[in-house]
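Welcome, and thanks for taking a look at this one with us. Please have the sequence and the model open side by side as you read the briefing below.

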Amino acid sequence: MELNKTNSGNRIHIGFFGRVNSGKSSLINAFADRDISIVSSKEGTTTDPVYKSMEIKSLGPCLLMDTPGIIDNTELAEKRLKRTEDVILKTDIAVIVISDTKTKDEKNLIKSFKDTPIIVVINKIDILNDSEIKKIKDDFKNYSIVEVSALKKLGLDLFLEELLKFKPEREEKLFDGMVKEKDLVLLVIPQDIAAPKNRLILPQVQSIRELLDKNSIVTMVKLEELSDVLLLLNKNPDLIVADSSVFLEVYEKKPKDVKLTSFSILFAKLKGDIGEYVSSASAIKNLKEDSKILIAECCTHAPAEEDIGRMKIPNMIRKKFGENIKVDVSSGAVFPDNISDYDLIIQCGGCMLNSKNIKNRIKIAKEKSIPITNYGIAIAYFKGILDKIDF
């Protein structure tokens, strides 16, 4: 990720949905004023979701998501529909693009969004007649409706006006309720083999930036120098933020009255459901040697020898419950199809995914009655210090 770019997990995700050839790709291209998606009259041209980052006035950083058509008569129809369903799970604002009066499929599609804000866009008004436009508007009278022609670039200003109505009232922050101006915050950042060469990882960078914006005092240290730094400081830190992998080591070295949390827990609180994560951690005590655990990474990366999700947490599990306990690892924004097979899901902080996606992952797990917790919460539980951690 470029340092001057906003990570996609912190962008408002705007999904464009509709039947094939409704003009989804053309609308995105016209709105962004550039060719992002391939446009063609041939059915099924958009085979995979296409993503484009852009800034949209008061909405701020956004991610436009072009999806395959919901009705597709090509051989890959089923796979394309699955990709579209995956995009629905992370959509903050849904744009339903309609270009004719056959609206049954769009009505069914809208049911998938539940609490997601929806804008209905009637496209191709340059060729639709008044009665056809009225029919579509009557079918979706309970939703915000915009009339556009992507081809002629008509109505795009009205579309923008509707989008801006969904500006978040307030952007939530990692350190809300935990840090105030002039507080001293100490970040403990291990530099083991899993640490990326010559750079910090996203949770660390985002934490530093937010603390600076709050006018807090930020100090960074490796675990090995933590005791030395605490002696050098003329006051105790107000908060220590550690990598979850060194939770216990930091807890044992920190002053008794100093609050402690982790990067993973901060992101879990920001994007997920910290209450669900904490309550689900109690399911760990019910695991048996024949239990199955899913380690669910929210992004893809090259695994390292000391990888927290692929090595450290599985080793903790096997040490407590036996070498034969089944621990699988999945990566990416979407759960594997077989999550019903698992007794517990442990997922990372989700720094690369948006809050909507993380919360939908939690919702899916709860609907299947599968406990779901988080790296930091699980490690604190294994180390016996979960009740000592701040969040």
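A residue counts as buried when its relative accessible area is under 20%. Leu174 has a relative accessibility of 0%, so Leu174 is buried. Please keep in mind that this is a predicted model.

**Leu174 and its surroundings**

- Leu174 sits in the loop that runs between α5 (156–164) and β7 (184–188).
- Once residues up to four places away in sequence are set aside, Leu174 touches Gln206, Ser207 and Glu210 as well as Leu266, Phe267, Lys269 and Leu270.
- Ile265 lies 91 residues from Leu174 along the chain, yet their C-alpha atoms are separated by 9.5 Å.

**Ser264 in helix α9**

- Helix α9 covers residues 263–271, and Ser264 is found in it.
- Ser264 has a relative accessible area of 12%, which is why it is classed as buried.
- Which side chain does the side chain of Ser264 meet in a polar contact? The partner is the side chain of Asn374, at 3.1 Å.

**Helices α11 and α13**

- Two packed helices are described by the angle between their axes and the distance between the axes.
- For α11 (residues 308–321) and α13 (residues 375–382), the axes come within 11 Å and cross at roughly 30 degrees.
- The crossing of these two helices, α11 and α13, is left-handed.
- On the α11 side, the contact is made by Ile308, Gly309, Ile313, Met316, Ile317, Lys320 and Phe321, while α13 brings Tyr375, Ile379 and Phe382.
- By type, the residues of this contact between α11 and α13 comprise eight nonpolar, one polar and one charged.

**Cysteines**

- How many disulfides does a search of the whole structure find? The search finds zero.
- Cys348 is in no disulfide, and the nearest cysteine sulfur, which belongs to Cys298, is 3.6 Å away.
- A disulfide calls for two cysteine sulfur atoms within 2.5 Å.
- Cys348 is buried, because its relative accessibility is 13%.
- Cys351 has a relative accessibility of 16%, so Cys351 is buried too.

Key: Residues numbered from 1 in each chain as written. Predicted model: local features only at pLDDT ≥ 70, side-chain atom pairs only at ≥ 80, totals over all residues. Heavy atoms only, no water. Axes fitted to C-alpha atoms, helices over the stretch in contact; angles between N-to-C directions. Helix = DSSP H or I, 4+ residues; strand = E, 2+ residues; numbered from the N terminus. Left-handed = near helix turned anticlockwise from the far one by under 90°. Contact = heavy atoms within 4.5 Å. Nonpolar A, V, L, I, M, F, W, Y, C, P; charged D, E, K, R; others polar. Buried < 20%, exposed > 50% of the residue type's maximum accessible area, 1.4 Å probe, protein only. Polar contact = N/O pair within 3.5 Å; in protein donor to acceptor, adjacent residues only side chain to side chain.
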